[in-house]
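Could you walk me through this protein in my viewer, one selection at a time? I am new to this, so please tell me what to click next and what I will find there.

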Amino acid sequence: MRQALSILLAIAAFSVVQAQPPQHHPVLLISVDGMRPDYVTQADQRHLRIPTLRRMMAQGAYAEGVQGVFPTVTYPSHTTLITGVAPAVHGIVNNQRFDPDRQLSGAWFWYADAIKVPTLYQAARAAGLHTASVSWPVSANASIDFLIPEYWRTPSPADAFNPDDRYLMNALSRPDGELARIEVRTGTPYMKGNETTIQGDEIRTRYSLDILAQHRPEFMTIHLSSLDEEEHLHGPFSPEANADLEAIDAMLARLIAQEQKNFPDATIAVVSDHGFADIHTALNLYIPFLQAGLIQAETSANGTTTVKAWQAEPWLASGMASIMLHDPNNVAIREKTRALLQQLASDPSNGIEAILTPEQVATLGGFPQAAFVVTLRAGFYTGAALAGPLRVETPGHGTHGYNPATTPEMRASFFLTGPGVAQRRNLGVIDMRQIAPTLASILGVPLLDAVQPILPIR
């Protein structure tokens, strides 16, 4: 009788717990594009003045490193940060669309409609929480209450903008007319808000501060991108990159202060999408494919070379390339491509680390349609030239995109502070797919496709 009563009491207690509504706690998620964790964990050795990031490390949980996705580039990584799954699952497998005939003007994966699984934004809105985002990759047309997407119409955000793009950004942002209203309130045009410069980050910060103050979203994401640009131009830990991060640190302080003014119980997450490595040599993979007849090109009267037909072609991702076949069922072309890649890899001066099969790529979660993936050693990267030498020396720069399983320099950052978060909790090296379910647990919302374990942050 006593045992039966104990069982009934346990069932009743469990039912009460189950009946309680989930606890929703606000989350501000800020990405500092390209920030290696050792910018912060080794700030003393590098003499970096980054008090905000240092304070986050001292007052909260942090990762010694985040093993990123395959490839370690911006758009797949940022989508994993809000879904908790690998690129092959969420569908954003590279920065730019595969464009073998050069017909898409360098189009990127801008549109949230291409994401195949639910995001943190959707989960938060379904729970009745207000959402916001400024310049997060793959956010155009996303289901977000207050949205300024990352979007441009040129091959690169560093290219010159059409002045009329201010109207385009107003049309893409939500709610209707809000971008223009923020411009009036801040006295700052958003025209250069998509630039990958410190000035662009300052504009994004001002607009984010306005959204935080005016609308108090319970979940907001912000993408700051200038550090990545400085590292590409000058290399990681260069004087230019260090100065840029110090300026970003001051922006983080302003954003965090506004969020905590809104919600004293808010959790702040500062992350990055990938690490960075110094580079010295570009490997122009298109050249041997042209020489082997796998790509047919033509040169115009002004000397411009374009692709007119292809059987196999690289899809570049900085530190690697997915090799795509026009006809995946053409065994002869597949074998010809395999032989060409093996010949290239046999020369150590080409910097090829490995030629991965589809089965190997599948275990890494990237490029589901690739016939092969060529990964490079750190220091080499995939050049885009259609003419000229196979290898070109490019010292003094940096890049990413390498295999995260073999290149520790690709590790990204994770810093978390908030009520109940353990202080100085070193989480070691974590999986990037763990971040989204951890944030979902704080928000009190389900993210069913994210199956990686929640981080032990308490």
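Predicted model: local features only at pLDDT ≥ 70, side-chain atom pairs only at ≥ 80, totals over all residues.

Leaving aside neighbours within four places in sequence, Asn-94 is in contact with Val-73, Tyr-75, Pro-76, Phe-109, Trp-315, Leu-316, Ala-317 and Phe-367. Show those residues too, and then look at the stretch of chain that holds Asn-94: a loop between α6 (87-90) and α7 (120-126).

Is Asn-94 buried or exposed? With a relative accessible area of 2%, Asn-94 is buried, because buried means under 20%. Now follow the side chain of Asn-94, which reaches the backbone oxygen of Leu-316 at 3.0 Å.

Next, select Phe-367, one of the contacts of Asn-94. Phe-367 is also among the residues with the most contacts inside the largest nonpolar core, which has 132 residues. Others on that list include Met-35, Tyr-39 and Ile-148.

Look for an open sheet of 8 strands, in the order β5-β4-β6-β1-β7-β17-β2-β18, with mixed pairing. β5 (146-148) and β18 (425-426) stand at the edges with a single partner strand each, so one side of each has no neighbour in the sheet.

For a last stop, colour β7 (residues 267-271) and β17 (residues 414-417), which run antiparallel and are joined by 4 bridges.

Technical notes: Residues numbered from 1 in each chain as written. Heavy atoms only, no water. Helix = DSSP H or I, 4+ residues; strand = E, 2+ residues; numbered from the N terminus. Buried < 20%, exposed > 50% of the residue type's maximum accessible area, 1.4 Å probe, protein only. Polar contact = N/O pair within 3.5 Å; in protein donor to acceptor, adjacent residues only side chain to side chain. Contact = heavy atoms within 4.5 Å. Core = buried A, V, L, I, M, F, W, Y, C linked by side-chain atoms within 4.5 Å. Pairing = 2+ DSSP bridges.
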